[in-house]
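My notes follow in the sequence in which I went through them.

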Amino acid sequence: MLDTTARTNTITDQRERFYRTIPDLLAADDRRLLVLAEIGAGYIAPHVTDAVRNRVVNVGIREQLMISFAGGAALAGMRPIVHTFPPFLVERPFEQVKLDLGHQGIGAVLVSAGGSYSMAAGGETHFGHRDVALLDTLDGWRVHVPGNADEAESALRSAMDGDERVYIRLDGTSNARPYAEHPGLTVLQRGRRGTVVTVGPTADNVLAAVRDRDVTVLYTERVRPFDREGLRTHLAGNSVAIVEPYLAGTSAREVALALGDVPHRQLGIGVGERELRKYGTPAEHERAHGLDVTGIRASLEAFFGF
């Protein structure tokens, strides 16, 4: 069960909002259950009340068991919420995600924290940029990539009802304000030279990079199912760039399917495949992958020919 010894650390606003919101969500419905594999146990302990303490389960450093436990709980009629870092939530227990949830046809809410490289001090074991691409190989997942804490809480609350398989990806960086106006693509800027789709916490950097540029900017925090109709509706020109805070090109297939009958070209900007072997800081990783304002601007200028 939950270790109630609180620890102090600097944690992101999205992750902090998750810890503060979970106790109320558990209290609202006896079906709801939080499953941890050590990560986050100390952080959430100060927020947990006696009324819900028996529905916060820490299985220890056993990520495969964490998913299997959640699958069993779902089969028994519970609505499990599962939380840890992306590589421990999607990569390490991928077979259990595939079989114990997907193959059984049952749902859970997987909530990761740390994004792609917000836990840079942990090195390669803690880098989480492959998560959405892996989930794309499975059927029936709804995927949220919130851009700030308000969007994270909204995604979490929307995932509580029903029995869908939902993945919510909490990042270590956030936009200054929420941009999502609805579940699909929201228009942030209109132009004629091309279309830029910005996902979650990349929006502020993208908007700074295209300031005074004649392009349409579309924003989304819900990346699956992708708003294909919204892209067709708001498409400007025949060139589409999509900026994602995880593996570059992850949504290339979605863009291609949305525009299957429309001649177009596309560019994927995101975390590169090359392994960066120096730990560094999150800001240094962002810069190295070209996801800072300067890097995004350079990529878009080359692609659109500004």
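**Entry 1: around helix α3**

I began just after α3, where Gly77 takes a positive phi of about 100°; I keep in mind throughout that this is a predicted model.

I then went back to the helix itself, residues 63-75, and noted that its 13 residues reach 19 Å from the first C-alpha to the last, close to the 18 Å expected at 1.5 Å a residue. Looking up which residues of α3 are buried, I listed Glu63, Met66, Ile67, Ala70, Gly71, Ala73 and Ala74. Seen down the axis of α3, these buried residues fall within an arc of 165°, so they line one face of the helix. For their packing partners I wrote down the strands β1 (32-36), β3 (79-84) and β4 (108-113), together with the helices α4 (86-91) and α5 (94-103).

**Entry 2: the second largest pocket**

I recorded a volume of about 250 Å³ for the second largest pocket, and found 15 residues in its lining, with Asp136, Leu138, Arg224, Arg253 and Glu254 nearest its centre. The elements giving two or more residues to this lining are α6 (131-135), β5 (141-144) and α10 (252-258).

**Entry 3: Asp131**

Leaving out residues up to four places away in sequence, I found Asp131 touching Pro86, Val90, Tyr167, Arg169 and Tyr246.

Methods. Residues numbered from 1 in each chain as written. Predicted model: local features only at pLDDT ≥ 70, side-chain atom pairs only at ≥ 80, totals over all residues. Heavy atoms only, no water. Helix = DSSP H or I, 4+ residues; strand = E, 2+ residues; numbered from the N terminus. Expected span 1.5 Å × (residues − 1). Buried < 20%, exposed > 50% of the residue type's maximum accessible area, 1.4 Å probe, protein only. Arc of directions from axis to C-beta. Contact = heavy atoms within 4.5 Å. 1 Å grid on protein atoms, 1.4 Å probe; cavity = no way out; pocket = protein on both sides within 12 Å on 5 of 7 lines; lining within 4 Å. Points joined across faces, edges and corners; volume = space filled by probe spheres on them.
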